[in-house]
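I opened this model to trace its sheet, its core and its charged pairs. My notes follow in the order I looked things up.

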Amino acid sequence: MPVEAVRATIGVFQVLLGRLVIDYAVQLPGGAQAGVGRASGSLTMASWNLQGPVAVNGHLQQLDLATVLKPYVSRGTVQGDFIHQWNSTQGAHAALKGEGTVKVEIKDLAVERIVAGTSSIPSLTFGQIQASLACRDDACDVTELKGDGVDGSFTAQGHVMLRQPVQQSLLDLTVTVIPGAGFAQKAASLSLPPFQPGTPFTFKLVGPIMNARVAL
């Protein structure tokens, strides 16, 4: 991920109290307006060598997803908040430990057509997507996932088991889609089963993120 500027400050008063608190701000390319394309928050540690508890929290301010997720995304912005804490950061799989929450909102999202093996996912457009996750160690509950736009709307719930690398994380989601007229036309052009606009259908999405399979 390209970074345009990074700023970090250390809280002197907290150091005197035996804690290290680092406030950070990361500016990503594409944020011409003040505060746009920015990630900020704080990192709290018991010591410089990361012994003991560690906590991080942050806020994403209108990050340009086309910059971060090319070539899969051609348009879209995300903003949201996250928090995570670890009792210890020692060990080979420490990154998958601890507990925390993530809540994001994505606006004006355009996903390009994605080819996966012998099948493909049509290009999709959503005006808004909202997602919330609650994680404990390597298990995350999808507490909210919904979106709507010209291609229809969807809701999903379930679980994600985190793995390293993240592309190997395992999905177990139940998804309900209400296709719009635009999605029905795209599905027909890709020889997918016919979808009746406005009629909901539900399926399971399971397996590794990059090779997830659909089970009806």
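I note here that the model is predicted.

**Sheet**

I get an open sheet of 12 strands, with antiparallel pairing. Its order is β1-β2-β3-β4-β5-β6-β9-β10-β11-β12-β13-β14. From one strand to the next, the twist averages 15°.

I then checked individual pairs.

- β4 and β5 are antiparallel and share nine bridges. H59 has D81 in β5 as its bridge partner.
- β5 and β6 also run antiparallel, joined by 11 bridges. Here Q79 stands opposite E105 in β6. F82 has V102 in β6 as its bridge partner.
- β11 (residues 152–161) and β12 (residues 170–179) run antiparallel with 10 bridges. Q157 faces T174 in β12.

**Core**

Which residues touch the most other members of the largest nonpolar core? I list L65, V78, I106, L109, F126, I129 and V175, out of 26 residues in that core. At least two core residues come from each of β4 (54–64), β5 (73–86), β6 (99–111), β9 (124–136), β10 (139–149), β11 and β12. β9 gives the largest share, five residues.

**Salt bridges**

How many salt bridges does a search of the whole structure find? It finds five.

R75 and D108 meet through their side chains at 3.0 Å, N to O. R75 sits in strand β5 and D108 in strand β6, 33 residues apart, so I log the pair as a link between distant parts of the chain, given the 4 Å limit for a salt bridge. R75 is partly exposed at 36% relative accessible area. D108 is also partly exposed, at 40%.

R136 and E99 form a salt bridge at 3.1 Å, N to O. R136 lies in strand β9 and E99 in strand β6, so this pair ties together parts 37 residues apart in sequence. E99, at 36%, counts as partly exposed.

D138 bridges to R163, with the closest N and O atoms 3.5 Å apart. D138 is in the loop between β9 and β10, and R163 is in the loop between β11 and β12, so the pair ties parts that are 25 residues apart in sequence. Both ends came out partly exposed: D138 at 27%, R163 at 32%.

**Surface and loops**

Which residues make the nonpolar surface patch of about 390 Å²? I found Y72, V166, I209 and M210. I209 lies in the loop between β13 (201–208) and β14 (213–215). I209 is partly exposed, with 37% relative accessible area.

Last, I checked G198. G198 sits in the loop between α3 (181–189) and β13. At 49% relative accessibility, G198 is partly exposed, because exposed requires over 50%. From G198 to A184 I read 9.8 Å, C-alpha to C-alpha, across 14 residues of sequence.

Notes. Residues numbered from 1 in each chain as written. Predicted model: local features only at pLDDT ≥ 70, side-chain atom pairs only at ≥ 80, totals over all residues. Heavy atoms only, no water. Patch = residues over 30% accessible without salt bridge, like charges linked within 9 Å, V, L, I, M, F, W, Y side chains within 5 Å. Areas by Shrake-Rupley, 256 points an atom, 1.4 Å probe, with all protein chains shown as cover. Buried < 20%, exposed > 50% of the residue type's maximum accessible area, 1.4 Å probe, protein only. Pairing = 2+ DSSP bridges. Axes fitted to C-alpha atoms, helices over the stretch in contact; angles between N-to-C directions. Core = buried A, V, L, I, M, F, W, Y, C linked by side-chain atoms within 4.5 Å.
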